[in-house]
Amino acid sequence: MSQEFPLNLKTVSLLALTCLLASCGRTPEAVTPPVAATPSALYELHFQNLGSAQTTATAQRLGGGLGAQRLENAPEPLALGTTPLSTLEFVTTENGKSVRHAQATFKLTNTSGRTLKNLVFLPVALNDTDGDPSNNAQAPTAGGTPFRTVRYFDGSDASALAGTLTPVQGQQLNAEKTGAQADPDADAYFRGLSTAGLNVAAPAGLSVQVTDGGWLAATSLAAGASTNVTFAVDMGGVDPANLKATPYSFSLLVTGGEDATATDISSSVDPASLQGVLPDWKYGEGWLGNLYSYATFGTVSAGGVVGGKLPANPAVQSLMGRNSYSGNSCTFTGTQTAGDIGTYGTGPELGVFNSQNDRIGTLTERTPDDEPVARVYSDADAIFKGTLNCWYSEDELDLNLRRGWNVVALGKDGTVRSLSAGTRTVLKYVQASEGIVVSLNQSYLELRAGQSKTLDVRLNQTGAISGDVTLETDVPGVTVTPATVTLPSLSATSVGGQGRGVGTLGLGAQAVSRTLTLTVAEDAKPYYGPMNLIVKKGGVEVGRATVYSVSLTVPSVSAYFSDSSYSQPQSLSRGETQTIPVSLNSVNGFAGMTTVTLSGLPAGVTASTETVNLTEGGSTKANITLNVSAQAEVGVIFTAQLSGPKITASYAQTSQQYVVTPDRTILNLRNVSASVPAAEGVWILGSNNQALIRLVQGQEVQRFPFGNANAYDGTRLLGTPDGRAVVIKSEQETYTFTLYSAAGVQSSRNFSQNDLGEYVTSVTRQVDAQDNFWTVRIGKNGNGPSLVKANLTTGVIETFPNQPFSTYDPILSSPDGRILLIGNYGSMIYRINTQNGEVTATARSSLPTPYALDNSGNWYGSSSSGIVQVSPQGVVRLYANNSYASVLGIDRADSNTLWLSSERTFYKLDLTTGAVKDLIVYGYNSSGYRVGQNLDGGGGAWSFGSSTTYNGTPTTTYFASLVK
């Protein structure tokens, strides 16, 4: 093999061979290099008895030598043994051509007193410059070659055959004994060496020509250390039937050079090989391979010498069908000499691995202009100059390919072009970042809480990482033993002939392999999915591998709400205690005691913890007590989750939303017909033959029983501005008005239907501050409707005829009873002064229906845009916070608060700032409704509702809640 190696050569001053020829083993002491360059020695290697069974070789030092402008010599720096350690000679015949191969291995010792870097022996030719042999200090070599004294078996001159001799890397027979192959233990022979810096001192009468090739004896040879160097020569044109017609002996002249500052290595000019030297390599024998497929492309010696030999016949793919898997072919536009060819490529980046398959670094090949270089195998000679267009890429090609391996550059302009034969390229070695390639033997694991399982792992070191690393998983509750693994120093691993990589990374005998124990905690949670085994060094992740399917089963308990599940929040009133029935089942073989409770509860809400005992595969029930304190925040919605040390999710409902609602007062009524504010508390009229009651701060303080009190059977409840209750009953064309106060029944008075009209109890009417009852009566004798005022104390009736409003219009009252308002129908709003009966009208226009009136005469209605306030002068203000909310009325303790309601929520609207506070008053296990104004005389609003339970038969409970 040959290889291009840009050594900045410095000649090495060699010890005179007097001692060496005597097989002297002494190692001279190191001395200080002289200022002037000492000539390097020339060595003559003499091969004889070629073609016999007893090939021999010797080495001797000659006079004269080399010098260099940058020479850094030490006296007697090298000791090259005169007698070889071994010789080898054989003849091979391939394709009808026979070649004799001869080689000899000598011991070399560094006696310079310092470490020598990149020590190379180079063949040297001595040429007679004037053709006068009489003035030559020694005999020249033959025909410009480094060979002389080339002779036949009979001793006659065979110098004419010197050109058939070629210095090469040491060879060996292949496994089939049919041909030669490079001996990986022999010194690599580099070509294309940079010798321009050498200053050669020629022997008298001769000129010196140093070849650009040589044997790399050592990349680093410490002072006093020894190594073996193999010199090898191929002899072409051999006739196996007449070996005596080929040289029987010859001499080879060499000299030594050192490149102590080399940092780059160059590839071979042979497209089928990649060769060079890895600087400061200390990781033993290794190999080159594809970073993704791990295909092997060569070896690395223990000294760091790259011996990259690309495969002779790789499996090729169609150049024009690179995307054949998509069903489409590539198209080429331009000049081509072949319709299609088969190609195989590698580079420009290869992985460098040690014998344990740890990736140490990467090797890239580039031109001197720093363009990436790749090697392309072609199964035929072909030229492509033009554009190759595939569905996923477009490449400009300038290729002149020969059958076999070719060197191509990936141009900076995007063109892929062939490099001419002999073009030098540079290999760059970059140490990989420290990391770990983690390989696992399983892709599926079944784990169980409280148990352990083993897992085999292999750790391949990248970038020479070593020392302690830790192992962990990303599944909670799953720990790894051992948790720490010590990685060996790669520079200290064996450099024997272990593993060169075989396609994929197998489990090597020297790989860092462990059998791990995965331990699952007793309280681990069930898990189904991938699990990563993570490797860290110093707390920083350096590698991971995935078990793609992990099933972690946990003996557990499924729990769910026994009652029907609800998708909407359920009511929990302040001060209430609820019993929540729960069903529990054994899962995955659980047996024993466990507890269940509710989690996710807000402040002021607590749940009991219940203990249950389950048999394997069995089931049971428990009742959890849920307590809501009187201080819990109203309106808070939360999700209560069934929980416990062994509780897991169930196919049934395991969580439920609740809402904290106001304190509830259970009403001893079968329904609520109406309510009005009391001076203190609220008056409530029960229906269906019930009673009138008064509540104060959630307590019933008064009750007046009477017969059927349904709002639709002619009974009506009104309130006075000072907080008394007025109950109106209609019987036989007579209205009976009864006033109730905190002291009891105050008075009762009858009025005829003829005096008050027909719509006293079926349409909203009002009582003012003077105890006057106001209603609208149908006109008589063709006159329009009359406004009627009847005093409940004196019985005096006053009529205001010919009014513009309808008898069906409800009447609104200000909280103080001084202003009435009518405006449900028609285009006008009418205000009535209860002091004198004066009626004033303003245009209603497109404004909504009035539903409440304040003491200043402003009325309020609900629209799609929000709540509307309209002043007596017609000035409109929009509160855009709540659209479509129902208007309840002005708060009796705070005239700047307007109460609103929707289906399950009350809203407290600040009329000054427009701010709104939402208060949820019903959950979805209750139904709510508004009756009258729902206002409390001491401030706040009342919500009325009911809830029904089913224990064989339905039971409905009616309740009231004060919202403030």
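How many bridges pair strand E57 with E58, and in which sense? Select residues 691-696, which are strand E57; six bridges pair this strand with E58 in the antiparallel sense.

This is a predicted model, where local features need pLDDT of at least 70, side-chain atom pairs count only at pLDDT 80 or more, and totals for chains, interfaces and linings use all residues. Residues are numbered from 1 along each chain as its sequence is written, and side-chain values use heavy atoms, with hydrogens and water left out.

**Stop 1**

Strands here are DSSP runs of E, at least two residues long, numbered from the N terminus. Two strands pair if DSSP finds at least two bridges between them. Select Ala691 and look across to E58: Pro705 stands opposite. Now widen the view to the open sheet of four strands, in the order E55-E56-E57-E58, with antiparallel pairing. E55 (672-677) and E58 (699-705) are the edge strands; each has a single partner, so one side of each is left without a neighbour in the sheet. From one strand to the next the twist averages 20°. The axes behind such angles are lines fitted to C-alpha atoms, and angles run from 0 to 180 degrees between N-to-C directions.

**Stop 2: another open sheet**

Go to E67-E68-E69-E70, an open sheet of four strands with antiparallel pairing. Its edges are E67 (812-813) and E70 (839-843), each with a single partner strand, so one side of each lacks a neighbour in the sheet. Select E69 (residues 828-833): five bridges pair E69 with E70 in the antiparallel sense. Pick Ile829; the bridge partner in E70 is Thr842.

**Stop 3: strand E21**

Select residues 286-289. Gly286 and Leu288 point one way from strand E21, Trp287 and Gly289 the other way, and all are buried. Buried means under 20% relative accessible area, taken with a 1.4 Å probe on protein chains only. In a regular strand, side chains alternate between the two faces of the sheet. E21 runs antiparallel to E22 (residues 296-300), joined by four bridges. Here Trp287 stands opposite Thr299. E21 also pairs with E27 in the antiparallel sense, over four bridges. There Gly289 faces Gly351.

**Stop 4: the largest cavity**

A cavity is a set of points on a 1 Å grid where a 1.4 Å probe fits but cannot get out; lining residues have an atom within 4 Å of a point. The structure holds three cavities of 30 Å³ or more. The largest has a volume of about 80 Å³. Strands E27 (349-354), E28 (359-366) and E29 (373-378) each give two or more residues. The largest share, three residues, comes from E29.

**Stop 5: an aromatic pair**

The whole structure has 19 aromatic pairs. Rings of Phe, Tyr and Trp (its six-membered ring) pair if their centres lie within 6.5 Å, and planes over 60 degrees apart count as edge-to-face. Select Tyr43 and Phe121: this pair is edge-to-face, 6.4 Å centre to centre, with 75° between the planes. Tyr43 is in strand E2 (residues 42-48) and Phe121 in strand E8 (residues 116-128), 78 residues apart. Is Tyr43 buried or exposed? Tyr43 is buried, at 1% relative accessible area. Phe121 also counts as buried, at 1% relative accessibility.

Note on methods
1 Å grid on protein atoms, 1.4 Å probe; cavity = no way out; pocket = protein on both sides within 12 Å on 5 of 7 lines; lining within 4 Å. Points joined across faces, edges and corners; volume = space filled by probe spheres on them. Buried < 20%, exposed > 50% of the residue type's maximum accessible area, 1.4 Å probe, protein only. Phe/Tyr/Trp six-rings, centres within 6.5 Å; stacked < 30°, edge-to-face > 60°.
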